[in-house]
Amino acid sequence: MSTEQSTTAVATGDGAPPPTRQRVRESHARGWSGHGAGFLAKLAIMALVNALGVLALWSAYLNGSWVIFGVLLALLVVADWVYFSKRPVPLKYLLPGLAFLVVFQLFTIGYTGYVALTNYGTGHNGSQQQAVDALLSQNEKKVPDSATYPLTIVEQDGELGFAIVEDGTAMVGTADDPLSEAGDATITDGRVTGVPGWEVVPKNDVLSDPALADEVLALRVPISDDAADGSIRTGDATIGSVYRSVLEYDGSAGTLTNTDTGVVYHATDEGQFVADDGTALPVGWRVFVGFENFTKAFTDDTYSGPLLRITVWTFVFAFFSVFVSFFVGLLLALVYNDPRVRGRKVLRTLFILPYAFPAFLSALLWKGMLSANPDYGIVNKLFFFGARIEWLDDPTLAKVSLILVNLWLSYPYWFLVCTGALQSLPDDVQEAARIDGAGVWRKFRSITMPLLLVSTAPLLIASFAFNFNNFTLIYMLTGGGPRFTDTSATLGHTDILISMVYQISGVAGGRADYGLAAALSIVIFVIIGVISALMFRRTRQLEEVS
């Protein structure tokens with residue numbers, strides 16, 4: 001058929017219709033185009049995501065963290081469904097952000113709220129069974145007339161262990177792993193002389209190294225998974241003996257009985273074993289206490305007094321840190337924005353130099369310069385004729401020092417912000433005011449300042465929130481000191497709420513109360529949220545000016 005004939009046939013409708021291309025609806029997961037590089041990359045990324053997810057699930061399973069296990073499992077299933085299904089195309093872009101939101105924001109907030117409702121802290125770190133095991137191990141004594149075992153010190157990956165011979169069988173264990181049979185061990189003259197995978201520590205090494213000797217003497221290797229079976233300990237690194245606890249646990253009755261004294265300790269709702277005379281064993285467990293931590297800060301004599309003073313000082317510190325720095329920066333910006341000032345670029349560069357130094361290094365530098373020691377405190381030496389002024393040891397002077405140092409750190413920021421805001425103000429408005437006869441002060445009060453606040457008010461609110469939690473400066477310059485003398489809590493006159501939370505959390509040492517620290521963190525969050533909301537609402541009135 002010629003071309004002309006074909007054209008005629010199509011025009012008249014004769015012959016078979018031309019084939020139509022039918023669009024194949026295929027899943028993105030099975031889509032292979034070109035060399036398939038995108039498809040392979042997708043599979044590789046999802047394989048990595050699933051591998052990490054399974055690893056995290058296994059870790060949560062081993063630790064019995066079932067809530068975390070459920071959340072991770074749900075996220076992993078959703079991720080596989082989203083990226084191996086064709087329909088939820090928008091979720092392919094939204095899921096990473098939503099996952100980060102859940103893991104790093106919602107989970108953190110939820111866990112903080114959970115901790116705030118418990119007695120989690122020193123002495124209440126785990127479950128009731130963990131507390132029982134700890135009490136049993138802490139109250140172990142050598143069993144009278146117990147069997148002794150030839151003992152060999154072994155080491156694996158830096159962890160020490162014991163190897164003993166019981167009934168001709170070699171047994172190896174560590175502080176975390178109870179004794180278990182080591183069938184391939186070498187036994188010579190009734191003593192273990194070699195264990196595959198372990199390194200035998202010679203006795204002379206133990207005797208010549210006091211630190212190693214202390215570690216060996218403190219080592220306790222459980223006989224079995226049941227803490228009531230006791231453990232193997234040694235007093236000379238050559239012979240092991242059986243130690244068992246003087247406490248007996250009755251799970252059905254929820255009691256621990258001291259077999260030496262006969263005193264019975266009952267499990268209480270407060271998460272502790274308490275005897276009838278009120279004596280409590282030192283290790284407890286984590287229980288739900290409701291809002292007790294929120295009221296504890298206001299009712300406990302240890303914290304109620306310091307909390308009020310610290311709260312007031314936190315507001316004072318944040319307020320003066322922001323507004324003093326702002327007005328100093330604004331004043332300098334007004335002066336050095338005047339075109340009549342010569343060398344403005346050089347002077348502006350010099351003014352922002354403090355902003356270039358890391359804040360924590362500057363705080364340490366100022367700590368040395370403000371020292372009352374005449375050998376280090378150059379402030380006293382240069383400006384006060386060598387007088388011994390206790391800048392950081394006097395409660396009032398320490399607070400003044402904090403505000404002044406923070407002024408030195410912060411004014412360059414406000415100098416930059418205000419300089420930029422001034423240069424963006426419309427000249428025609430100010431020119432009109434000048435023609436109407438307005439003076440310098442009148443133009444500043446009625447035009448410059450309101451327009452300036454439109455752009456700087458949100459930054460002022462953000463700066464207030466930052467200084468409300470300015471932990472770095474407090475920690476580096478004064479460490480919260482000088483200490484309060486009317487409380488046993490490790491708190492001081494220059495502590496702010498966030499540094500108080502740090503001290504209570506026990507990170508710096510001492511007794512930890514994570515529940516109270518979490519409750520105070522929530523209180524701080526609420527305070528910052530309320531203040532920010534009110535301030536932002538006020539800034540809307542400024543927008544009418546523009």
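## Finding your way around the chain

Student: Let's start with one proline. Between which two helices does the loop with Pro482 lie?

Tutor: This is a predicted model, so keep that in mind as we go. The loop holding Pro482 has a helix on either side: α17 (471-477) and α18 (497-505).

Student: And why is that bond worth a mention?

Tutor: Most peptide bonds are trans.

Student: Let's zoom out. What radius of gyration does the chain have, next to that of a compact globule of 546 residues?

Tutor: Along its principal axes, the C-alpha trace spans about 115 × 105 × 50 Å. A compact globule with 546 residues would come out near 24 Å. The chain, though, has a radius of gyration of 36 Å.

Student: Let's pick a helix, then. Which residues of α5 are buried?

Tutor: Helix α5 covers residues 128-138. Its buried residues have cover that includes β1 (140-142), β10 (231-234), β11 (239-245), β12, β13 and β15 (273-275). The buried ones are Ala131, Val132, Leu135, Leu136 and Ser137.

Student: Is Asp133 buried, partly exposed or exposed, and why?

Tutor: Asp133 sits in that helix too, α5. Buried means under 20% relative accessible area and exposed means over 50%. Asp133 has 30%, so the label is partly exposed.

Student: How far is Asp133 from Ala227 in space, C-alpha to C-alpha?

Tutor: Along the sequence, Asp133 and Ala227 are 94 residues apart. In space, the distance between their C-alpha atoms is 5.8 Å.

Student: Now the strands. In what sense do β12 and β13 pair?

Tutor: Strand β12 is residues 247-250 and strand β13 is residues 255-258, with four bridges between them. Glu248 stands opposite Thr257, and Asp250 stands opposite Thr255. The two strands form a hairpin with four residues between them, where Gly254 in the turn has a positive phi of about 65°.

Student: Which residue of β14 is the bridge partner of Thr257?

Tutor: β13 also pairs with β14 (residues 264-267), in the antiparallel sense over three bridges. That hairpin has five residues between the strands, and Gly262 takes a positive phi near 80°. In β14, the partner of Thr257 is Val264.

Student: Which loop holds Asp167?

Tutor: Most residues other than glycine have a negative phi. Asp167 has a positive one, near 55°. At 77% relative accessibility, Asp167 is exposed, because exposed means over 50%. Asp167 lies in the loop between β3 (159-166) and β4 (169-174).

Student: What relative accessibility does Asp189 have?

Tutor: Asp189 has a positive phi of about 55° although it is not a glycine. You'll find Asp189 in the loop between β6 (186-188) and β7 (191-194). Asp189 counts as exposed, because its relative accessibility is 79%.

Student: Last one: how far apart do the centres of the positive and negative side chains lie?

Tutor: The chain exposes about 32,200 Å², and carbon and sulfur atoms supply 61% of it. There are 36 positive and 50 negative side chains. The centres of the two sets are separated by 20 Å.

Definitions and conventions. Residues are numbered from 1 along each chain as its sequence is written. This is a predicted model: local features need pLDDT of at least 70, side-chain atom pairs count only at pLDDT 80 or more; totals for chains, interfaces and linings use all residues. Side-chain values use heavy atoms; hydrogens and water are left out. The radius of gyration is taken over C-alpha atoms; the globule rule is 2.2 Å times the number of residues to the power 0.38. Accessible areas come from the Shrake-Rupley method with a 1.4 Å probe; for residues, only the protein chains shown count as cover. Lys and Arg count as positive and Asp and Glu as negative; His and the chain ends are not counted. The place of a charge is taken as NZ of Lys, CZ of Arg, CG of Asp or CD of Glu. Two strands pair if DSSP finds at least two bridges between them. Buried means under 20% relative accessible area, exposed over 50%, partly exposed in between (1.4 Å probe, protein chains only). Contact means heavy atoms within 4.5 Å.
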